[in-house]
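Hello,

Here is the structure we talked about passing on.

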Amino acid sequence: MTLKQLEQEGRIRPHRTSKKEISGLFELIKRDMRDASFPGLSSDRRFATIYNAALALATIILYCRGLQSYGKAHHFTVFQAMKIILGKEYEELADYFDSCRIKRNKVDYDLADITSQKELDELMNEVKRFYVFIAGWIEKNYPHYYLAEKG
């Protein structure tokens, strides 16, 4: 799969981002990371919230490349595009986030009390590491969007 193929399938389209939009996404991500750390929420709700931070981080990758996901299954598309843009080194992480998407769907639409503390902690740790990576990636590759976002 290539970005061109995703575009031809109508799954991504051109998008013009801005430093303000990227900054807004980082603010959303930081909010979700804080909220997911709140012990008063259920593990399910915390999982869904930190998943949203992972999705927003992956969305930043597309935006920096001048793209956005579009249409049905746009969360899935974001993680597919993440693999293409970041390469083989990040395929496993993109697949992990996509598996979290499936669980998040169950948590939001079908079932309650299905997220373990271990699953929540694992996702939170992965998102924290990915946050630092994405901030550095932007600094290196898209300095005009760089906001000194190191965590």
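Predicted model: local features only at pLDDT ≥ 70, side-chain atom pairs only at ≥ 80, totals over all residues.

Helix H3 covers residues 43-64, 22 residues in total. From first C-alpha to last it reaches 32 Å, close to the 32 Å expected at 1.5 Å a residue. H3 is mostly covered, with 19 of its 22 residues buried. After H3 comes Gly66, which has a positive phi near 80 degrees.

Most residues other than glycine have a negative phi. Ala73 is not a glycine, yet its phi is positive, about 60 degrees. This residue sits in the loop between strand S2 (67-69) and helix H4 (74-86). Asp113 also has a positive phi, near 60 degrees, and lies in the loop between helix H5 (91-109) and helix H6 (117-141). Asp113 counts as exposed because its relative accessibility is 70%, over the 50% cut-off.

- Asp95 with Lys83, closest N and O atoms 2.6 Å apart. The pair links distant parts of the chain, Asp95 in helix H5 and Lys83 in helix H4, twelve residues apart. Asp95 is partly exposed at 38% relative accessible area, while Lys83 is buried at 17%.
- Arg31 with Asp32, 2.8 Å from N to O. Arg31 is partly exposed at 38%; Asp32 is buried at 4%.
- Arg11 with Glu9, closest N and O atoms 3.0 Å apart. Arg11 is buried at 17%, and Glu9 is partly exposed at 46%.

Regards

How values were computed:
Residues numbered from 1 in each chain as written. Heavy atoms only, no water. Helix = DSSP H or I, 4+ residues; strand = E, 2+ residues; numbered from the N terminus. Expected span 1.5 Å × (residues − 1). Buried < 20%, exposed > 50% of the residue type's maximum accessible area, 1.4 Å probe, protein only. Salt bridge = Lys/Arg side-chain N within 4 Å of Asp/Glu carboxyl O.
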